[in-house]
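Biologist: Before we discuss this protein, could you show me the model and take me through how its sheet and one of its pockets are described?

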Amino acid sequence: MNTIIKRTAALAAALFFLLALLPGCSVTVTDGGQTDGEKPLVVSTIFPQYDVVNNIAKETVRNELLIPYGTETHDFGVKDLTASRLETLHGASLIIAVGGESDELLIKELKTALAGSDVRFLLLTDLIKDLLNEEQTEGMEAETDGEDEEEIDEHVWTSPRRAAELARGIGRALCERFPASRAEYEKNTEEYAGKLDELDVRYQETLKNRTYNTLIFADRFPFRYLCHDYGIEADAAFAGCSSSVDPSLATLDHLYRKAKDLKLPAILCMEGSDPKYAKQLASKTGGQALMLHSCHIVSEEDAKKGYLGLLAYDLDVLKIALGVREDAN
Ligand SMILES: [Zn+2]
């Protein structure tokens, strides 16, 4: 070691010692790779896992959402991050992304941009045992990008049953990353996942009394897991991650005829979409146009309901759309 480096090291050690003595300026070395005395930083790409972390890690971490509230998630990339935001991400301990087709590029870009940092990545799709492929429903328009091959459907968080599985998986990952808080995280995980389990039971009990078994979306369809887990059929204009938003007249006509034949009480759209097509079809069938929330494009206002609250809201929508008989409840 040359003299300059030796001196710099000695100076740094002295400074560290002095800082440690100053009141209110403690320098602690915590687990999870943090050395600056701040709480570790956990970053989630979208709202569901962000809210799960809020409920499990509570005040023990700095919990941040990567894609801002109300933003279309599918085309978000490192290009949308400011230099200072990217700098902050260098200090993150854990980044929780979705996995699957839609954020493949984002994860790749982040891994490149954050090379050499101590960040670990966790993917929601790695936490679900039984993944499903994207579904091509009868009325769905072909993808314009020519990518029609079978892909896994990554919208795993839209079903309360999978939500509980996700919460437990995120809980385990937090325990592993920040072992000092294990006992607290295990307790909070069970408490929160327990509420999701209860919601799952409410879904099952409520939907037992449905009159109809089909949902029609004049929109994209990110609800494959929700429909699969509760035995609901669906038809839609576009796949969950499609970039198309305007159905053709032939598609709209197909969806209208199906809803009319089945006498369905509602036509659905998802959050963040223009409800005009759902309204158009509903006015023709005499039903209602309703929004089912996929917790994907979450506004600041929606976020106040929490992930659990948004899933509970969806059950209220399903009650109407599937004609659940109230007297049977
Ligand atoms: Zn998507």
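Modeller: Two strands count as paired if DSSP finds at least two bridges between them, and I will apply that rule to this predicted model.

Biologist: How do you know that strand E3 (residues 92–97) and E4 pair?

Modeller: They share 4 bridges in the parallel sense, and the rule asks for at least two, so E3 and E4 count as paired. In one of these pairings, Ile96 has Leu122 of E4 as its bridge partner.

Biologist: Why are E2 (62–65) and E4 said to stand at the edges?

Modeller: The 4 strands form an open sheet with parallel pairing, in the order E2-E1-E3-E4. Strands E2 and E4 each have a single partner strand, so one side of each lacks a neighbour in the sheet. From one strand to the next, the twist averages 20 degrees.

Biologist: What makes helix H4 (residues 104–113) a helix that packs on the sheet?

Modeller: Helix H4 touches E3 and E4, where contact means heavy atoms within 4.5 Å. The direction of H4 makes about 170 degrees with that of E4, on a scale that runs from 0 to 180 degrees.

Biologist: Which elements give two or more residues to the lining of the second largest pocket?

Modeller: The lining residues include Leu94, Phe121, Leu122, Gly169 and Glu176, and the elements in question are strand E4 (120–123) and helix H5 (160–177). Helix H5 supplies the largest share, 5 residues. By class, the lining has 5 nonpolar, 1 polar and 4 charged residues, with Gly counted as polar, and the pocket holds about 160 Å³ of space.

Technical notes:
Residues numbered from 1 in each chain as written. Predicted model: local features only at pLDDT ≥ 70, side-chain atom pairs only at ≥ 80, totals over all residues. Heavy atoms only, no water. 1 Å grid on protein atoms, 1.4 Å probe; cavity = no way out; pocket = protein on both sides within 12 Å on 5 of 7 lines; lining within 4 Å. Points joined across faces, edges and corners; volume = space filled by probe spheres on them.
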